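Hi,

Here is the structure I promised to pass on to you. Have a look at it first, and then read on for my notes.

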Amino acid sequence: MRRIRWFLLCIALGAAAIASYALPDAFASLEHALDDWRLRAAVQHHPESRLVIVDIDERSLNEQGAWPWPRATMSQLLRTLIDDYGVAGVAIDVVFPEARPDDALLAAQIGRPQITTAIVYDLEQRPLQPLRQALPPGMPFDATAGAPRPHGQPVVANHAGLASQTAGHITPLFDSDGVVRRIYPLICADEPSSGRPQCHASLVLAAFAGLMDGPRMYTQAGNGLFAPPWELVLQDEAGGTLATLPLMRDGALAIPYRHTKADWVSISAVDILQRKPDPELLRGVMVLLGGTALGLSDVISTPQGGLAAGIEPHAEILSAVLDNEFFAVPQYGRWIDILLLLPFAALLAWVLERYRQPAQRAVALPLWLALTWGAGGFAGFALLRQARLLVPLSPLFLFPPLALLLVSSAEIYRAGRERAGVFSLLTAYLPRQVAQRLTETDPGGERISSNVDAARRNITVLFADINGFAALCENLAPETVASFTQRVFTEMAEAVVAHRGTIDKFIGDAVMAFWNAPDDDAGHASHALAAAQEIQRRIEALAPCCATLGIPPVGIGIGIETGE
């Protein structure tokens with residue numbers, strides 16, 4: 001049974017590890033819920049002052065008018081940020097796809113090197129109207145053979161009159177529950193003219209790279225148990241590494257949600273227009289210009305719960321780039337889960353071996369379940385907090401109940417087989433109804449019934465024993481006596497059962513049986529007599545068997561009595 005337990009525990013480990021991978025749709029909700037819990041638990045208060053969010057909020061719309069604002073207003077906002085406050089750069093999470101009056105004023109600001117504009121890609125390759133204007137050049141990118149390179153079709157960007165020197169995409173990835181947990185750091189599209197792919201980094205990566213001379217990107221395969229499948233490396237002109245982004249197998253980046261809403265420096269756009277903030281707050285920082293007002297329709301759901309501005313994931317990525325600190329999904333994450341669960345599988349095997357009583361297991365198994373769940377959750381949380389690793393949590397959650405289910409099923413099967421074996425042994429000597437009554441359990445199912453059922457009945461009793469059995473045993477080997485006795489008892493028991501009798505006991509070389517109990521038998525006396533006659537015939541027919549064993553033919557003495 002010990003080997004069977006370990007075999008079943010290995011099956012449970014394997015099934016838990018591949019369940020969410022093999023059936024992603026079935027376990028998506030569980031995986032997302034566990035991941036979100038872990039991210040929320042790992043968030044710490046971490047004020048971020050190296051970047052500032054300029055928010056086109058409801059107050060800005062109330063004071064400056066409905067969106068879209070006049071081009072002159074947007075031009076003044078950008079000019080104030082760059083010239084008056086001296087920001088390092090502005091990443092605009094807003095698209096201006098249509099020509100409007102005073103476009104020239106806005107174009108003069110958008111064309112400055114500090115500005116990075118936005119592009120929206122369609123990742124589903126739907127038959128949408130492609131952009132007619134040329135896009136700003138993408139970042140130089142070298143793809144390793146076999147590395148993922150997400151493709152899309154650019155569908156929304158600034159119109160040709162508002163071209164910028166640098167642009168990045170703002171295309172989020174929505175999971176099945178509508179929450180934004182990932183983003184492609186790079187999306188490529190084939191140029192209509194050359195047919196060669198042109199790749200645009202995400203908005204903040206492009207804005208950050210725009211601050212450097214000669215930036216470039218390349219992919220490389222992850223190396224090691226804890227490494228991601230792929231890595232996207234951002235380098236400067238001298239070849240120095242600025243940031244290394246861990247990528248999933250499909251080329252997506254897990255957005256490193258590390259901050260609370262209170263950590264961000266967020267300034268209303270109308271305050272910038274009115275020059276209210278302290279200049280030292282903005283000098284030399286990167287500004288992310290976006291909107292939370294309902295009129296801009298740029299509100300998303302994040303793992304931190306509730307609604308958030310569409311600019312927040314970009315702010316998290318930029319902050320992680322500045323720290324070169326991301327959350328990595330290990331390429332062998334499920335093997336890490338198995339290694340974490342092996343000690344708990346061994347503990348379960350020990351518990352099952354050590355505690356065999358039902359009452360003991362009723363306490364030990366739930367405690368093991370709670371311990372394994374708690375330790376698995378703590379391990380997933382600690383790996384994220386200390387090593388920035390996002391190991392899959394669903395195997396840690398699925399293994400304990402799956403292991404208990406398989407092991408309990410095996411225990412029930414074994415108990416059923418043992419009970420069937422006992423029942424089969426009893427039916428070799430007793431009527432089936434008597435064997436069933438003897439193997440019945442109490443209503444609680446914990447032990448064989450020991451209820452006393454006493455009554456007076458008129459029954460017929462039969463005793464049958466082997467003549468001269470003591471003298472016979474003195475001259476025979478014990479093995480021969482045992483074989484002969486087994487054969488004689490079998491013949492006598494079959495004769496009794498064939499005539500509706502009940503075996504009461506075997507006494508040495510004798511058998512005691514009775515009729516009209518426990519079941520009613522109106523012809524109990526005649527049935528007992530018929531059984532006695534059949535016993536005699538069966539024993540006489542054993543003469544060849546006796547000769548084979550070197551035993552002289554034996555006789556049987558039988559006594560029958562009827563009474564109360």
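This is a predicted model: local features need pLDDT of at least 70, side-chain atom pairs count only at pLDDT 80 or more; totals for chains, interfaces and linings use all residues.

**Overall form**

The protein contains 17 helices and 22 strands. Its radius of gyration is 42 Å, well over the 24 Å that the globule rule gives for 564 residues, so the protein is more spread out than a compact globule. Along the principal axes, the C-alpha atoms fill a box of roughly 125 × 50 × 45 Å.

Of the 564 residues, 49% are buried. The accessible surface comes to about 27300 Å², and carbon and sulfur atoms account for 57% of that surface. If you look at contacts between residues at least 6 apart in sequence, 75% of them join residues at least 24 apart.

On the charge side, there are 43 positive and 58 negative side chains, and the centres of these two sets lie 2 Å apart.

**Backbone details to check in your viewer**

- Trp67 and Pro68 are joined by a cis peptide bond, with omega at about 5°. Pro68 sits in the loop between α3 (58-64) and α4 (71-84).
- Asp102 is a residue other than glycine with a positive phi, near 65°. You will find Asp102 in the loop between β2 (89-92) and α5 (103-110). Its relative accessibility is 44%, so Asp102 counts as partly exposed.
- Arg388 also has a positive phi without being glycine, here near 60°. Its loop runs between α11 (358-387) and α12 (394-427). Because its relative accessibility is 21%, Arg388 counts as partly exposed; the cut-off for buried is under 20%.

**Nonpolar cores**

Which residues have the most contacts inside the largest nonpolar core? They are Met217, Leu245, Leu288 and Ile317, in a core of 62 residues. Helix α6 (residues 203-210) gives the most to this core, contributing seven residues. There is also a second, separate core, made of 31 residues and including Val52, Leu61, Leu77 and Ala293.

Leaving aside neighbours within four places in sequence, Met217 is in contact with Met139, Pro140, Phe141 and Asp142, with Leu186, Ala201 and Leu205, and with Leu232, Val233 and Leu234.

Best wishes

Notes:
Residues are numbered from 1 along each chain as its sequence is written. Side-chain values use heavy atoms; hydrogens and water are left out. Helices (H or I, at least four residues) and strands (E, at least two) are DSSP runs, numbered from the N terminus. The radius of gyration is taken over C-alpha atoms; the globule rule is 2.2 Å times the number of residues to the power 0.38. Buried means under 20% relative accessible area, exposed over 50%, partly exposed in between (1.4 Å probe, protein chains only). Contact means heavy atoms within 4.5 Å. Accessible areas come from the Shrake-Rupley method with a 1.4 Å probe; for residues, only the protein chains shown count as cover. Lys and Arg count as positive and Asp and Glu as negative; His and the chain ends are not counted. The place of a charge is taken as NZ of Lys, CZ of Arg, CG of Asp or CD of Glu. A nonpolar core is a set of buried Ala, Val, Leu, Ile, Met, Phe, Trp, Tyr and Cys residues joined through side-chain atoms within 4.5 Å.
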